[in-house]
Amino acid sequence: DREATDHFGCNALHWAMLQAFQDGDFGRQQLPALYELLAPGHIDINTGERLVRIDRHLTEYFLLQTLWVLTRLGLSDGGSGFYRYCAFDSQMVLLAWRALPTSVLRAERNKRAHISNVLSRNEVARDYTYNRKLFYRIAHGHYQLNPALSVRRKVNGEDTWVPLFEALNLRWLAQFVLAQHNHNSFLPEFSLRCLNTYLELARLEPIGQPILSQHRVQP
């Protein structure tokens, strides 16, 4: 079932892409066949102003799917580049795409200038005729997924619109964003700040101290 998702909104395609981003051999050898089987022909989104259909042949399609995967990964283990702005830039996308074959992603699209252009022309405030308003610019060159987006999902067999950050289940994700430091596990302040930055943009209630980080785990 290509539409089935886990507790954090990731479907089989997202898991295959995540594996490809982390394992170059998988990306080159297994992803092409899996992508053909798992990637739907289009994504339907609601920008809060209009309905938009993004077809699979567009860079916007693959970039949206990529940031869907990287949002969860970034919030849990994003590194200093992500945590500086709680957002993504073209270099992070290039790193994820570094081993993807041209059968999945055309070579001319797997370049910094092209990625930056797609992010910029689909930024919420950009005056561009074909702007799909997919991304929200946090700082120069740094973007988040637009928190106003909703995605079409089947609930009890019926199509419904689910807010993006609800689909990603950010409040539940906060319970598991734990960084390991020596023998203790706790939620880093920067992780919590990033999550609350996302929730604030989506006008959702901020997260208090997550349950799993209220007590240090003794070695």
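## Exercises on a predicted model

The model has an open sheet of four strands in the order 2-1-5-6, paired in the antiparallel sense. This is a predicted model, so local features need pLDDT of at least 70 and side-chain atom pairs count only at pLDDT 80 or more, while totals for chains, interfaces and linings use all residues. Residues are numbered from 1 along each chain as its sequence is written, and side-chain values use heavy atoms, with hydrogens and water left out.

**Exercise 1.** Find the edge strands of the sheet.

*Solution.* Start with the terms: strands (E, at least two residues) and helices (H or I, at least four) are DSSP runs, numbered from the N terminus. Two strands pair if DSSP finds at least two bridges between them. Now look for strands that pair on one side only: these are strand 2 (51–55) and strand 6. From one strand to the next, the twist averages 45°.

**Exercise 2.** Describe how helix 6 and helix 7 cross.

*Solution.* Two packed helices are described by the angle between their axes and the distance between the axes. Axes are lines fitted to C-alpha atoms, for helices over the stretch in contact, with angles from 0 to 180 degrees between N-to-C directions. For helix 6 (residues 90–97) and helix 7 (residues 112–121), the axes come within 9 Å and cross at roughly 125°. That makes helix 6 oblique to helix 7 (under 35 degrees is roughly parallel, over 145 roughly antiparallel, 65 to 115 roughly perpendicular, the rest oblique). Which residues make the contact (heavy atoms within 4.5 Å)? Helix 6 brings Ser90, Gln91, Val93, Leu94 and Trp97, and helix 7 brings Arg112, Ile115, Ser116 and Leu119.

**Exercise 3.** Check the confidence of the model.

*Solution.* The protein chain averages 83, and 81% of the residues score at least 70. Among its elements, helix 3 (residues 31–38) has the highest mean (97) and strand 7 (residues 179–181) the lowest (39).

Key: Contact = heavy atoms within 4.5 Å. pLDDT = per-residue confidence, 0-100.
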